[in-house]
Amino acid sequence: MQKKYISIGLMSGTSGDGVDASVISSNGVDKYESIKNKYYQYDDEVYNKIHDLKDQINSTQDLKKNSSKISDLERKITLFHAKIIKNLNLNEDNPLIGFHGQTIYHNAKEKISKQLGDAKLLFQLTKKKIIFNFRYNDIQNGGEGAPLTPIFHKLIVAQKKINLPACILNIGGISNVTIVKNINGTNQLYSKDVGPGNCLIDSWVRKNSGKKFDYNGSLASNGSLNEIILEQAQELYFNRTIKDKLSLDVNDFDVSFARGLSLEDGSKTLTEFTASIISESLLNYFKNLKIQIKDILICGGGRKNKILIESIKNKLSPNLNLKLIDDHKVDGDFVESQAFAFLAIRSYLKLPITFPSTTGCNKPCLGGDLIQN
């Protein structure tokens with residue numbers, strides 16, 4: 001019988017609003033159990049510093065230029081993660097810690113994916129086995145370093161006996177999709193980013209109001225669509241080579257095309273733009289894979305934006321059903337954090353976490369570095 005490990009997954013997504021923490025038990029292969037899930041919100045100082053820094057970093061040169069700000073924020077974020085581990089108060093003496101950190105710059109072409117988080121300091125503060133730097137090895141082996149969650153999505157599909165071919169759409173800051181054609185092996189596991197998720201809407205709301213996001217899509221529901229601006233933005237997007245990338249970063253998008261619109265009209269127009277990219281990317285991906293999908297299971301914070309989900313639904317084929325992954329007794333808020341707990345176990349067991357069909361790497365790749373003393 002394979003040994004089960006207790007692992008904590010700590011995930012701070014591109015929304016940069018806080019950390020999702022999940023505790024799971026798993027053998028790292030074909031079984032997992034969710035033990036605890038909890039969200040920890042950053043204070044306003046850390047939240048604002050993350051977004052100020054992200055706005056200033058659009059190249060590797062900018063990383064060098066802002067190195068002192070990066071170091072300062074990295075320390076604060078690491079201390080915050082240490083408090084989370086303590087707060088989870090696990091009886092387990094030595095769980096693994098899957099420490100993703102806060103992404104501030106991702107560019108697979110330049111072979112760089114920079115996450116804020118000092119793993120050595122986190123080890124000193126917690127004395128737990130820390131596994132971090134999940135994307136590096138994949139990028140060094142020709143991959144795009146993302147998406148990393150498909151191998152965990154496959155486990156959910158197998159364990160929850162979800163009908164094949166299965167499709168999981170994660171709408172976080174960026175949206176990504178996983179297709180599972182077969183649960184045996186990884187040859188028929190596919191994934192890619194399919195456009196913005198919440199990043200454009202969040203950015204617009206943050207820059208034009210005192211709010212951090214459009215709660216339930218309420219701003220968009222009170223706005224009017226500017227069709228001229230939407231058409232121009234769509235044309236610009238679909239003429240760019242970015243649409244062919246497997247992985248995207250928030251830096252690949254900006255809200256400048258909505259400049260001049262009211263808060264509500266901008267929210268509505270950006271929501272429609274986001275929905276149009278996601279739906280078109282999904283339909284193209286299904287077509288390229290020559291696959292008939294019936295149900296699309298949605299996870300991530302974006303699934304709570306009713307206007308976004310309704311708009312995606314309206315743009316997809318009528319025979320496609322949008323459903324919540326929660327319907328399968330999986331908490332859609334914590335799929336990513338559970339995934340990093342699972343990836344930490346696989347990393348510890350020296351099992352691959354990325355595959356040619358998920359990130360474009362040239363062979364199945366191990367991932368993550370371990371600090372344990």
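These questions and answers go through a predicted model of one chain.

User: How many helices and strands are there in the chain?
Analyst: The model is predicted. Its secondary structure includes both element types. The count is 13 helices and 12 strands.

User: Why does the chain count as compact as a globular protein of its length?
Analyst: The globule rule gives 21 Å for 373 residues. The chain comes close to that, so it is as compact as a globular protein of that length. Its C-alpha trace spans about 60 × 50 × 35 Å along the principal axes. The radius of gyration is 20 Å.

User: What share of the 373 residues in the chain is buried?
Analyst: Buried here means under 20% relative accessible area. The accessible surface comes to about 16,600 Å², with 46% of it on carbon and sulfur atoms. The buried share of the residues is 55%.

User: Among contacts between residues at least 6 apart in sequence, what percentage join residues at least 24 apart?
Analyst: Contact means heavy atoms within 4.5 Å. Among the pairs at least 6 apart, those at least 24 apart make up 71%.

User: How far apart lie the centres of the positive and negative side chains?
Analyst: The chain has 49 positive side chains and 40 negative ones.

User: Is T274 buried or exposed?
Analyst: T274 is found in helix α10, residues 263-288. Beyond four places in sequence, T274 touches P196, G197, L200, I201 and L308. Its relative accessible area is 0%. The cut-off is under 20%, so T274 is buried.

User: Which parts does the salt bridge between D44 and K212 tie together?
Analyst: The side chains of D44 and K212 meet at 3.4 Å, N to O. The two residues are 168 apart in sequence, so the pair ties together separate parts of the chain. K212 is partly exposed, at 21% relative accessibility. The parts are helix α1 (residues 44-56) and the loop between α7 (199-208) and α8 (218-221).

User: Which helices hold D72 and K49?
Analyst: D72 and K49 form a salt bridge of 3.3 Å, N to O. Their parts are 23 residues apart in sequence, and the pair ties them together. Both residues are partly exposed: D72 has a relative accessible area of 34%, and K49 is at 29%. D72 lies in helix α3 (residues 67-88), K49 in helix α1.

User: Which residues are joined into one network with K76?
Analyst: K76 forms a salt bridge with D72, with the closest N and O atoms 3.2 Å apart. Both lie in helix α3, 4 residues apart, about one turn of the helix. K76 is partly exposed, with a relative accessible area of 26%. Salt bridges that share partners join K76 to E45, K49 and D72.

User: How many salt bridges does the structure hold?
Analyst: Those already named include D44 with K212 and K76 with D72. A pair counts with a Lys or Arg side-chain nitrogen within 4 Å of a carboxyl oxygen of Asp or Glu. The structure holds 11.

User: Which residues are in contact with G217, leaving aside neighbours within four places in sequence?
Analyst: G217 is found in the loop between α7 and α8. G217 is buried, with a relative accessible area of 0%. Its contacts beyond four places are N305 and I307.

User: What distance separates the C-alpha atoms of G217 and D295?
Analyst: G217 and D295 are 78 residues apart along the chain.

Technical notes. Residues are numbered from 1 along each chain as its sequence is written. This is a predicted model: local features need pLDDT of at least 70, side-chain atom pairs count only at pLDDT 80 or more; totals for chains, interfaces and linings use all residues. Side-chain values use heavy atoms; hydrogens and water are left out. The radius of gyration is taken over C-alpha atoms; the globule rule is 2.2 Å times the number of residues to the power 0.38. Buried means under 20% relative accessible area, exposed over 50%, partly exposed in between (1.4 Å probe, protein chains only). Accessible areas come from the Shrake-Rupley method with a 1.4 Å probe; for residues, only the protein chains shown count as cover. Lys and Arg count as positive and Asp and Glu as negative; His and the chain ends are not counted. The place of a charge is taken as NZ of Lys, CZ of Arg, CG of Asp or CD of Glu.
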